[in-house]
Amino acid sequence: MKVAVTTSSFAKDSREPLNMLEARGIEYVLNPYGRALSEDEAIELLAGCAGVAAGTEPLTERVFAALPELKAVSRCGVGMDSVDLAAAKARGIVVKNTPDGPTRAVAELTLGLCLSLLREIPAMDRDMRAGVWKKRMGSLLEDKKIGVIGLGRIGLATAELFKALGAQVAYSDPMVGNHAFVRKDLDELLAWADIITVHAPPSKDGFLLGARRLNLMPQGAWLINAARGGIVDEAALVELLKQKHLTGAALDVFGEEPYAGPLLEFNNVILTPHIGSYAKEARIRMEIDTIANLLHSLGVK
């Protein structure tokens, strides 16, 4: 049996996931490009494979049609928007993901981004490296109103971290009820919060946070998105930053990656290259879960 591993950084910190395959005599091929694959590259690499430990490459109907031996897709991550689930189901391809591994990593990244925004840490680091000794007056997290969009595993973990540090936390999620936090309508939450943090999937109907909704945020608010690209209208965000309506923003995900757009020009914006799950311990757990899911889906004990 042969499988492919397409996530570009797989097994960098531990060989245990690959050992799981080798112990069962399973042949595997790795992503040779060091980046997400295109459709054509996925078709070429997955040829003859029964399963794939998948990254974020597009696993579309066209890809599945070209790979008749493919029986299982195990996503190394939470998001499933790169997989055509209807096409997979129609072809009898089992699809699983790893929802638990990234939870703490993304929640802690969100908290770190928030504290960095509030205290303007990146700006002062840049100042000092440029030979400028300038003290910037920051803000405390305590008593800030935190609006969490999406209260799934990651959103809940994030909400709990903020609550533990003395922030007021409310959320918007039509699918989740949680008596530990106040639930608000999305528009109401945006107008209420000092800091908005996004932990929801992309909307099929356009930007979840388009220009109208971003303009509901109070003067001086902050925005954090460590969920998925395509949720925030980046052009509208740029305009609000130019107008100084928002004090700052932090983004780990973008509509197009690698990102090279106008947000790079703002010193009050923190940008990271989609590293939400990139904590060593979380990554190892997620990769082990990925292979365990793949083996189970293929009927291998």
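Reply: K2 has E27 in β2 as its bridge partner. Strands here are DSSP runs (E, at least two residues) and helices likewise (H or I, at least four), numbered from the N terminus. This is a predicted model, in which local features need pLDDT of at least 70, side-chain atom pairs count only at pLDDT 80 or more, and totals for chains, interfaces and linings use all residues. Residues are numbered from 1 along each chain as its sequence is written, and side-chain values use heavy atoms, with hydrogens and water left out.

Me: How many bridges join β1 to β2?
Reply: Strand β1 (residues 2–5) is joined to β2 by 4 bridges, and the two run parallel. Two strands pair if DSSP finds at least two bridges between them.

Me: What is the strand order of the open sheet?
Reply: The order is β2-β1-β3-β4-β5, 5 strands with parallel pairing. At the edges are β2 (27–30) and β5 (94–96), each of which pairs on one side only. On average, neighbouring strands are turned by 15° against each other, direction ignored.

Me: And which strands does α11 touch?
Reply: Helix α11 (residues 280–297) packs on the sheet and touches β1, β3 (51–54), β4 (72–75) and β5. Its direction makes about 165° with that of β4. Contact means heavy atoms within 4.5 Å; axes are lines fitted to C-alpha atoms, for helices over the stretch in contact, with angles from 0 to 180 degrees between N-to-C directions.

Me: Changing topic: is V232 buried or exposed?
Reply: V232 counts as buried because its relative accessibility is 3%. The cut-offs are under 20% relative accessible area for buried, over 50% for exposed and partly exposed in between (1.4 Å probe, protein chains only).

Me: Where does V232 lie, and what does V232 touch?
Reply: V232 is in the loop between β10 (221–225) and α10 (234–242). Not counting residues up to four places away in sequence, V232 touches F207, L209, L214, L223, N225 and L237. Its C-alpha atom is separated by 6.2 Å from that of G210, 22 residues apart along the chain.

Me: What about K184, buried or exposed?
Reply: K184 is buried, since its relative accessible area is 16%. This lysine sits in the loop between β8 (182–183) and α8 (186–192). Neighbours within four places aside, K184 is in contact with A170, Y171, S172, L189 and W192.
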